[in-house]
Amino acid sequence: MGLRRMPWDEWVELDNQFQYFHGEKARRLADIGRKCARTEPEALEAAYELLEEFSDYLPQRYPSLFKRTTVGIDNLLTGEHFNIVERPLKEDPMQMAARLVQDDFALLIEKADGQYYLFAGAIVMPGLWNLDERMGMPLSQIHIDHGKVPGFKEKLERGVMSLFRRIQPDAPVQRNTWYIQGLDSMDAEGFTKGAGEKNMPVENFHYRSERQSVRRLPRTGAVAFLFRTYIVPVVDMVEEAYVPGRLASAIRSWDDDMAEYKGRHTFDDVLLPYLDGKHDAQIANGLDVTKEDEVRAYPY
């Protein structure tokens, strides 16, 4: 699964795209509301707790952007004031929490059968999730029936379930996953794995990475799953030393099931020769491939 320990100051990452994310989330919340962010009764206390955790964490981690108040948190950039203690809240707690961070997130609650169920979330930006379709599902069904993750039942299910049962509030973990896509949009309505249209011009290809974190909330015991999407044009990435060769090698390493899952057939005839050419050009310009591990540190 590629898991690694998550330093506490990396739980929520904010950057210079915050206003873009904030605006897009506000637009989608206004347009489709509960279809992309809502809380079921089973997760209401956990949703309140996640709001509390954000309100404690963000002013400490980003003091120039957020201020803790007696009733919640203020966004110093947008001028918004969030009262998280009044009941009822002015909006669903997941919608309120979505306005505070660039990540999207899901809350999973353990039931008596030992399975973790999706009962709350704000899945506003990424295209791999549809909250409305998956609400109330157990974790395994989300991955097998809807996500159709290759080998999940045979290779990953036991490890994932073990992780969710043993994860502790003070020992969160994170991982990264990635895809190639043929547009620069994060919009869930437009995203498909792969290029979409076969053999598009290489300028259309984008590297889509999702940073995912898993943490147990200390009071309710719910598991908070956060994920942040990054999209970079491939033609920009390949200017960095070693990246063309490394990306081509990673794409070729997929087995047939993974290649189908990630849509390799839609881009391999164009993208792989392009990456090979860029890699060869870097070597011709003096790149020493034997020193990659010394020069570049890839944690994932």
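Two strands are taken to pair if DSSP finds at least two bridges between them, and the helices (H or I, at least four residues) and strands (E, at least two) are themselves DSSP runs, numbered from the N terminus. The model is a predicted one, in which local features need pLDDT of at least 70 and side-chain atom pairs count only at pLDDT 80 or more, while totals for chains, interfaces and linings use all residues. Residues are numbered from 1 along each chain as its sequence is written, and side-chain values use heavy atoms, with hydrogens and water left out.

**View A. The open sheet of seven strands, with antiparallel pairing.** The strands follow the order β1-β8-β9-β10-β6-β7-β2. Because β1 (4-5) and β2 (37-39) stand at the edges, each with a single partner strand, one side of each is left without a neighbour in the sheet. Strands of a sheet pair through backbone hydrogen bonds, either parallel or antiparallel.

**View B. The pairing of β1 with β8.** Strand β8 covers residues 173-181 and runs antiparallel to β1, to which two bridges join it. Within this pair, R5 stands opposite V173 of β8.

**View C. The open sheet of three strands, in the order β3-β4-β5.** The pairing is antiparallel, and the edge strands, β3 (66-68) and β5 (80-83), each pair on one side only. On average, and with direction ignored, neighbouring strands of this sheet are turned by 15 degrees against each other; axes here are lines fitted to C-alpha atoms, for helices over the stretch in contact, and angles run from 0 to 180 degrees between N-to-C directions.

**View D. The hairpin of β3 and β4, with helix α2 across both strands.** Three residues lie between the two strands of the hairpin, and three bridges join β3 to β4 (residues 72-75) in the antiparallel sense. F66 has N75 as its bridge partner in β4, whereas the partner of K67 is D74. Helix α2 (residues 44-61) lies across β3 and β4 and runs at about 120 degrees to β3.

**View E. The hairpin of β4 and β5.** These strands pair in the antiparallel sense over four bridges, and I73 has F82 in β5 as its bridge partner. Four residues lie between the strands, and in this hairpin G79 takes a positive phi near 80 degrees.

**View F. Q282 in helix α10 (residues 268-284).** Q282 is buried, with a relative accessible area of 14%, where buried means under 20%, exposed over 50% and partly exposed in between (1.4 Å probe, protein chains only). Not counting residues up to four places away in sequence, Q282 touches V238, E239, E240, A241, Y242, P244 and L287, a contact being heavy atoms within 4.5 Å.
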